[in-house]
Amino acid sequence: MIFPIIMIMVCAALGGGAFLFISLSDKKKKQAAAADGQQKTANEFVNVKDIKGRYLYTRDQLVLCYLKISPISIDLFSKSEKQQLVKQLTASMSGVQHPFKFLAVSRPVDITPLISELSAALATSDPKQKELLKQEILEMTTFALSGEVVERQFYIVLWEKADEGAEKELLVKAKDFAGDFDDCGIGCEILEQQDIVRLCNLINNPSYMHLEDTDFTPSIPILGGGVVF
C-alpha cells in the first residue's frame with residue numbers, strides 16, 4: 001500500500017513542477033515581448049521610415065504616393081448618365097498596367113466653414129435671428145461631436161521599390177492616374193507631406209481628430225508596452 005502512495009506523490013510533485021516551469025517560461029516570454037514593444041517607436045510600429053514631400057518611405061524598402069479622389073454625387077444622375085460615366089472612366093483607366101490600392105476612410109464631418117458662416121451672420125441679425133442662429137450653432141456642434149455623422153474620403157495608393165529614380169517614376173504614374181480621373185470630370189490630387197501625415201494619423205490613430213489647419217513637427221513618440229492599434 002505504501003508503494004502506490006509514494007508513486008502518486010512523486011507523480012503529483014513532477015506534475016506540479018512541470019506546471020510551475022511552464023508558467024514561469026510564459027511569464028518570461030511575455031515580459032520580454034513587453035520590453036521589446038516598449039523600445040519600438042511609432043514609426044517602426046506602422047512601418048513608416050520617413051515622409052518627405054509627396055512620398056512616404058517604408059522600412060521594407062518601398063516608396064508610396066497617395067492621391068485623393070474628390071467625391072461626386074450621382075443621386076441626380078439618370079441611369080444613362082451613370083452608365084456613360086462608368087464607360088468613360090473604364091476607358092480612361094484601361095491603360096493602367098501597374099498595381100494600386102483603393103482606400104476608403106471615414107472621418108467626422110468638418111463643420112468649421114458652416115459654423116464660421118453662422119457666426120458671421122450673428123453680427124448683422126436682429127435679436128430674434130441671433131437667438132435662432134445661436135441655437136442652430138449649438139445644435140450643429142452637438143450633432144458633429146456625437147460622432148454619428150461621418151463623411152467618406154477616397155484615396156489611391158501607388159508604390160515602387162526604393163531604387164534610384166523611383167520617386168520620378170512614381171510621380172509620373174501618379175500624374176497619369178490623376179489625369180485619368182480629371183478627364184472624366186472627377187477631381188484627383190496628389191497629397192503633399194502634411195496631408196500624408198494627416199492620413200496616416202486618421203488610419204492608425206482612432207482618437208485622432210481631423211483638423212484642416214493643424215501644424216506638425218518631427219518627433220519620435222514611444223509606444224507603451226504591448227499596445228496594438
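## A tour of ring pairs and salt bridges

Select Phe 177 to begin: with a relative accessibility of 1%, this residue counts as buried, because buried means under 20%. Keep in mind throughout that the structure on your screen is a predicted model.

The structure holds three aromatic pairs. In one of them, the ring centres of Phe 100 and Phe 177 are 5.0 Å apart and the planes stand at 75°, so this pair is edge-to-face. Phe 100 lies in the loop between helix 3 (79-92) and strand 4 (101-108), while Phe 177 lies in helix 6, so the pair ties together parts that are 77 residues apart in sequence. Phe 100 is partly exposed, with a relative accessible area of 36%. With the three residues shown together, you are looking at one aromatic cluster, formed by Phe 100, Phe 177 and Phe 181.

The next stops are salt bridges, of which a search of the whole structure finds four. Select Lys 173 and Glu 160, whose side chains meet in a salt bridge with an N to O distance of 2.2 Å. Lys 173 lies in helix 6 (residues 166-183) and Glu 160 in strand 5 (residues 150-161), so this pair ties together parts that are 13 residues apart in sequence. Lys 173 counts as buried at 19% relative accessibility, and Glu 160 counts as buried at 15%.

Move on to Arg 54 and Glu 192, which form a salt bridge whose closest N and O atoms are 3.0 Å apart. Arg 54 is found in the loop between strand 1 (48-52) and strand 2 (55-58), and Glu 192 in the loop between strand 6 (188-190) and helix 7 (193-204), so the pair ties together parts that are 138 residues apart in sequence. Arg 54 counts as partly exposed at 28% relative accessibility, and Glu 192 is partly exposed too, with a relative accessible area of 36%.

Finally, select Lys 52 and Asp 50, which form a salt bridge with their closest N and O atoms 3.7 Å apart. Asp 50 counts as partly exposed, at 31% relative accessibility.

Conventions:
Residues numbered from 1 in each chain as written. Predicted model: local features only at pLDDT ≥ 70, side-chain atom pairs only at ≥ 80, totals over all residues. Heavy atoms only, no water. Buried < 20%, exposed > 50% of the residue type's maximum accessible area, 1.4 Å probe, protein only. Helix = DSSP H or I, 4+ residues; strand = E, 2+ residues; numbered from the N terminus. Phe/Tyr/Trp six-rings, centres within 6.5 Å; stacked < 30°, edge-to-face > 60°.
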